[in-house]
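Subject: A structure for you to look at

Hi,

Here is the structure I promised to pass on. Have a look around it first, then read on for what turned up.

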Amino acid sequence: MATSPPRKPGFWLACLPIALTFVVLGVQLFHFGNFTPHIPLAIGVAITALIGWLRGYRWPEMEDGIMHVVRLGLQSVGILIIVGMIVGIWIASGTVPYLIKLGLSLISPELFLAASVLICAVVSVSLGTSWGTTGTVGLALMGIGNGFDIPMYWTAGAVVSGAFFGDKMSPLSDTTNLAPAVTGVNLFDHIRNMLPTTIPAMLIALVIYLFAGFSLIGDQAVDFGRIENIISGLDQHFNLSWPLLLPLGVTVLLALKKMPALPTLFAGAMLGLATAMLTQDVGLQQAFNFMFSGYQIETGVREIDALLNRGGIQSMTWVITLMLVALAFGGVLERTGCLEVIMEKILTRAKSFGAIQSSAIATSAMTNVIGGDPYLSIALPGRMFAPAYRAKGYSALNLSRAVEEGGTLISPLIPWNAGGAVVITALGLGIAEGNTENLLYIPLAFACWLSPLIGMTYAHLGWFSPKLSAEEAAQWQRQEAELVPEPVPAK
């Protein structure tokens, strides 16, 4: 007996699995206070599969959809593995400590706020973590800001702008790898395509912080002991000199020459290993351990230990597993027709490319608000909006930039989001204790909200909005062919 063909869900039914997943995610985040979205997303896969089954989809078809989308993200899984190796070995080699020393040495009273942005940006780009930068160097800068008699929310805004700028632009960042993974574009092409929005946003922010710095800083003497303590501790435990920048310089050079991401990053890891052995007296077995388990040091200086004890392949397992589950969720939503129905609804309202780009940014931001998780805010819209860009003849690079700006940059501006919670807690803003005026850091984190606005403006003006290339079109056609399930023999 032949089975009836599967039927696409209606619009509200297509939205139902996403809504129910957000409900489960809300229970996990807000009721249990656990910022781990893996299990709610896995339940979301099951909910979507159940709705698909009720609409006539068989499990083998849905499983094929899941596996296809997961396979598309495997390159970025490989990148994240190498990124973990790089973070561990670049700290051991002295590359990251030297960058931190250079950044901290830039501080001067009148330029404090602008210097804070640059310092946090340098550290975050080199480490690939906004949260780690905020909780270590950012915390030290908060102490300096208090010494300058600058309101906490001004310093916090500068720290957040710099730290999340670095997270957005660093090839070592998990979110910077996640965005191209879910949209199917090259990592370094993705980073280059973010420059037209990121650079103006940072320049505008720097001008504002410079003006504010000269306006806010008083004439009283400032104690630089905390920063000097960090610099002294770095000098005591590492041999710091300019040749330590070689691993970073070569990696950047290879990236600029458009070498593939995996060999480029692996070359950086191997150069870091050689540098660690030649300059820091690190043995080969010890270097392997740093690359797998992360760097470990006990300097007696809390800020240094908190900043440098990180990295390794194992440090990436959290985001890798989240990426796989999120991709599976996107895959089953795609195969059961839910994403297609939702996108058809959006396309009926979003007639222009500018409207689609703005919708993608806004959807990522709203996912941050509702879901409370920056990774989900990148993964889910990244899968949902891809067909709309293909239909309009625009490159998915526009989409990867949109979800990065609505996801990575907006997350610290939402107090109940994982990013916002890290900022409020790590910087000691005391919101729970009634210091609600410190929430002013949100509008003062200029680089975070200016970049999405600039991106929307570009989209409506048609600036810096790459069209679909022949290579990308061919790739999409191959993927579309793979998405078509094999015919199932009638029983």
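This is a predicted model: local features need pLDDT of at least 70, side-chain atom pairs count only at pLDDT 80 or more; totals for chains, interfaces and linings use all residues.

Which residues touch the most other members of the largest nonpolar core? They are Tyr209, Leu265, Leu308, Phe385, Tyr389 and Leu429, in a core of 151 residues. Helix H4 (residues 74-93) gives the most to this core, namely 12 residues.

The average pLDDT for the protein is 84, and 92% of the residues score at least 70. The stretch to be careful with is residues 483-491, where pLDDT stays under 50. For that stretch the model has 10 contacts beyond four places in sequence.

Now for the charged pairs. The count of salt bridges comes to 3.

- Lys101 pairs with Asp235, with the closest N and O atoms 3.0 Å apart. This one links distant parts of the chain, since Lys101 is in helix H5 (residues 95-104) and Asp235 in helix H11 (residues 225-237), 134 residues apart. Lys101 is partly exposed at 22% relative accessible area, and Asp235 is partly exposed too, at 35%.
- Glu405 pairs with Lys168, and here the closest N and O atoms are 3.4 Å apart. Glu405 sits in helix H21 (residues 396-407) and Lys168 in helix H8 (residues 152-169), so the pair ties together parts that are 237 residues apart in sequence. Are these two buried or exposed? Both Glu405 and Lys168 are buried.
- Arg192 pairs with Asp189, with 2.4 Å between the closest N and O atoms. Both lie in helix H10 (residues 187-216), 3 residues apart, or about one turn of the helix. Arg192 is partly exposed at 27% relative accessibility, and Asp189 is partly exposed at 30%.

Which residues make a nonpolar surface patch of about 280 Å²? Look for Val23, Val27 and Phe32. Val27 belongs to helix H1 (residues 11-31). With a relative accessible area of 35%, Val27 counts as partly exposed. Patch members need over 30% relative accessible area, so Val27 at 35% clears that cut-off.

Cheers

Conventions
Residues are numbered from 1 along each chain as its sequence is written. Side-chain values use heavy atoms; hydrogens and water are left out. A nonpolar core is a set of buried Ala, Val, Leu, Ile, Met, Phe, Trp, Tyr and Cys residues joined through side-chain atoms within 4.5 Å. Buried means under 20% relative accessible area, exposed over 50%, partly exposed in between (1.4 Å probe, protein chains only). Helices (H or I, at least four residues) and strands (E, at least two) are DSSP runs, numbered from the N terminus. Patches are made of residues with over 30% relative accessible area and no salt bridge: like charges are joined within 9 Å, nonpolar side chains (Val, Leu, Ile, Met, Phe, Trp, Tyr) within 5 Å. Accessible areas come from the Shrake-Rupley method with a 1.4 Å probe; for residues, only the protein chains shown count as cover. A salt bridge is a side-chain nitrogen of Lys or Arg within 4 Å of a carboxyl oxygen of Asp or Glu. pLDDT is the predictor's confidence in each residue, from 0 to 100. Contact means heavy atoms within 4.5 Å.
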